[in-house]
Amino acid sequence: MTKLVPEADAVVAASRHFSFPPPRTASGGVVESCRKMAAAQIDLGAAVTGSWLDSMKASSPRHRLMAPVVGAADAEHDDWMVRFFRPDEKMEKERHPSALSRFDLLASAAKGKQIAVFLDYDGTLSPIVEDPDRAVMTDEMRDAVRGVAARFPTAIVSGRCRDKVFGFVRLAELYYAGSHGMDIRGPTAHANNHHGSSKVTFPCFFLFPCSYTQKQQGWMFDRCWLIWPQQQEHEGESVLCQPAREFLPMIEEVRGLLEAKVPAIPGAKVEDNKFCLSVHFRCVDEKRWGALAEQVRSVLKDYPKLRLTQGRKVLEIRPVIKWDKGNALDFLLHSLGYADRSDVFPIYIGDDRTDEDAFRVLRGRGQGAGILVSRFPKDTAASFSLRDPAEVKDFLHSLVESTTT
């Protein structure tokens, strides 16, 4: 069983690895609304360098890493993880060590701190599959997540529609941030022994439509505290953040246009994720990727308030507001009351380029650890790595075991 009380050498190793910038200082005052946070970061759509086809290829695993020679991909992955020499620090340092084999580093960094766990879904809790509707997590993975949620605040942060990812996970004690964090809701049930007391106090945030107030236009942000008895379900009492709600009619309109055009490209599929749209091209012949990108762009040219981004073999249409998984992570930390605390250790695990926003938030905060799930070397802001969902499951078990007395 891994202990959270490391040996002296593990503490030294951890201090080398977690070379984050200093934590941000607390700003004080009332926490701003997710609506205001989003409005302050409007993204008007920067020009994309290179062609969309090149960008689509870049967002997918590189062909040369698909193991053309037995062991080639593993060898490059190992080289990506191994130690390298830092002349400026006169020491060796690991690039992206395995969060499993170097669990001692995470344990030493998290010692005496409140852990919070944030998990992507596709490619992290479930394998990447050709049909996104069949990305089902195993019962064993569900048990692993349930065990983590019983000990730490736990959230699923996904590009999927919140209701859809909840349908896959089916754990009511979690926070769910769907549509890349543009649709956030908190637990409707509470995990046993989560905080070790008979009652649990959560800081919760709500967004109300403008019709609920005569003094403000747009959205009003309010804060309240909920005290939930353990082992009791509560309906309708949970965190809610929807910074892109005004875009829903526009997104629905674009969805109809895409569903009329995209089927012309065999294998392409449009997925409605409520506050964003996904056009999957995992099953599209690579020779047709350019044509698919042009079809999507031809629709979006009349909608300047929507922008196009890429994920792993998926094109994603989102509102122009600058709201991503990093903002969702920030919001959840605020809602848990952890935003200005130095004794918090957030762990974020994800496999996609959209998860990099969350990894960068952790580095900017000078707290926690980002863990990239990938079989292939990638440029990343994550501190650790895991190869696949099977290793994610083992890591979650290790996290639970390390806190079992």
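Predicted model: local features only at pLDDT ≥ 70, side-chain atom pairs only at ≥ 80, totals over all residues.

Trainee: Which residues in α10 are buried?

Mentor: Lys325, Gly326, Asn327, Ala328, Leu329, Asp330, Phe331, Leu332, Leu333 and Ser335.

Trainee: What caps the N-terminal end of α10?

Mentor: Asp324 does, with a side-chain oxygen 2.9 Å from the backbone nitrogen of Gly326. Just after the helix, Gly337 takes a positive phi of about 80°.

Trainee: OK, let's go to the sheet. In what order do the 4 strands of the open sheet come?

Mentor: The order is β10-β11-β13-β12, with antiparallel pairing. At the edges are β10 (269-272) and β12 (306-311), each of which pairs on one side only. From one strand to the next, the twist averages 25°.

Trainee: Which helix packs on that sheet?

Mentor: Helix α8, residues 248-261. It touches β10, β11, β12 and β13 (314-319), and its direction makes about 20° with that of β11.

Trainee: How many bridges are there between β10 and β11?

Mentor: There are 4, in the antiparallel sense. In that pair, Val270 stands opposite Val279 of β11.

Trainee: Remind me what holds paired strands together in general?

Mentor: Strands of a sheet pair through backbone hydrogen bonds, either parallel or antiparallel.

Trainee: I also marked Ser278. Where is Ser278 found?

Mentor: Ser278 is in strand β11, residues 277-280.

Trainee: And why does Ser278 count as buried?

Mentor: Because its relative accessibility is 2%, and the cut-off for buried is under 20%.

Trainee: What does the side chain of Ser278 make a polar contact with?

Mentor: The side chain of Asn273, at 2.9 Å. Leaving out residues up to four places away in sequence, Ser278 touches Lys269, Val270, Glu271, Asn273, Val314, Leu315 and Glu316.

Trainee: Changing topic. How many residues are in the largest nonpolar core?

Mentor: It has 52 residues, and those with the most contacts inside it are Phe118, Leu258, Val279, Leu292, Val296 and Ile317. Val279 is the β11 residue that Val270 stands opposite.

Trainee: What is Phe118 in contact with, beyond its neighbours within four places in sequence?

Mentor: Its contacts are Ala155, Val157, Leu329, Leu332, Leu333, Pro346, Ile347, Tyr348 and Ile349. Leu329, Leu332 and Leu333 are among the buried residues of α10. There is also a second, separate core of 40 residues, which includes Leu105, Leu106, Val373 and Val400.

Trainee: Now Arg142. Is Arg142 buried or exposed?

Mentor: Buried, since its relative accessible area is 5%. Arg142 is found in helix α6, residues 139-149.

Trainee: So what polar contact does the side chain of Arg142 make with another side chain?

Mentor: One with the side chain of Asp139, at 2.9 Å. The side chain of Arg142 also reaches the backbone oxygen of Val169 at 2.8 Å. Not counting residues up to four places away in sequence, Arg142 touches Met137, Phe168, Val169, Arg170 and Leu171.

Trainee: What about Ser179, what is its phi?

Mentor: Positive as well, about 50°, and Ser179 is not a glycine either. Ser179 is in the loop between β5 and β6 (183-185). It is buried, with a relative accessible area of 0%.

Trainee: How many disulfides does a search of the whole structure find?

Mentor: It finds 0. Cys161 is in no disulfide, and the nearest cysteine sulfur, that of Cys276, is 8.8 Å away.

Trainee: Which class does Cys161 fall in, buried or exposed?

Mentor: Cys161 counts as buried, at 13% relative accessibility. Cys283, at 39%, counts as partly exposed.

Trainee: Last one. How many helices and strands does the chain have?

Mentor: It has 12 helices and 16 strands. Of its 405 residues, 54% count as buried. Among contacts between residues at least 6 apart in sequence, 66% join residues at least 24 apart.

Technical notes. Residues numbered from 1 in each chain as written. Heavy atoms only, no water. Buried < 20%, exposed > 50% of the residue type's maximum accessible area, 1.4 Å probe, protein only. Helix = DSSP H or I, 4+ residues; strand = E, 2+ residues; numbered from the N terminus. Polar contact = N/O pair within 3.5 Å; in protein donor to acceptor, adjacent residues only side chain to side chain. Contact = heavy atoms within 4.5 Å. Pairing = 2+ DSSP bridges. Axes fitted to C-alpha atoms, helices over the stretch in contact; angles between N-to-C directions. Core = buried A, V, L, I, M, F, W, Y, C linked by side-chain atoms within 4.5 Å. Disulfide = S-S within 2.5 Å.
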